[in-house]
Each structure stands twice: as C-alpha cells, then as structure tokens.
Amino acid sequence: MIFVMGRRNETNRLNHKKKVDQKKKKIKDSESARKEKLKQIQKKFNKQNSTETDQ
C-alpha cells in the first residue's frame, strides 16, 4: 500500500514548504555562483585584451 502525504495538516504543510524553500535557495545560490564565475571570466578576458592592445 502506498501512502501519499497530504498537505492538509500543519506539519505536512510546513515540511513541504521547507522542502520547496530549500530547492529555491539551492537554485538561487547556483545561479549567483554562475554569475560570479562569468564576471570573473569576463574580467580576466578584458584584462588580457587590454594588455594585448597596449603592446
């Protein structure tokens, strides 16, 4: 028999909310880390290009 957790009671509702919030936080953190990496790559590329044009 498969038991499906309903969200009608407070405990299950809060557990589900916690799970969803953790998932959103993980996605947000990974996106911000990705943006930061892209900024660093862009900065490195710009620095490299400026030194090549100066020579």
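Tutor: A salt bridge here is a side-chain nitrogen of Lys or Arg within 4 Å of a carboxyl oxygen of Asp or Glu. The model is predicted, so local features need pLDDT of at least 70 and side-chain atom pairs count only at pLDDT 80 or more, while totals for chains, interfaces and linings use all residues. Residues are numbered from 1 along each chain as its sequence is written, and side-chain values use heavy atoms, with hydrogens and water left out.

The structure holds 3 salt bridges. Lys17 pairs with Asp21, with 3.0 Å between the closest N and O atoms. These two residues lie 4 apart in helix α1, about one helical turn; helices are DSSP runs of H or I with at least four residues, numbered from the N terminus. Lys17 is partly exposed at 44% relative accessibility, and Asp21 is partly exposed at 35% (buried is under 20% relative accessible area, exposed over 50%, partly exposed in between, with a 1.4 Å probe and protein chains only).

Arg13 and Glu10 form a salt bridge at 2.7 Å, N to O. They are 3 residues apart in helix α1, which covers residues 10–54, and so are separated by about one helical turn. Arg13 is partly exposed at 38%, and Glu10 is partly exposed at 46%.

Asp29 and Lys25 meet at 3.1 Å, N to O, in a salt bridge. Their spacing is 4 residues in helix α1, about one helical turn. Asp29 is partly exposed at 38%, whereas Lys25 counts as exposed at 52%.

As background, buried residues make up 2% of the 55 residues in the protein.
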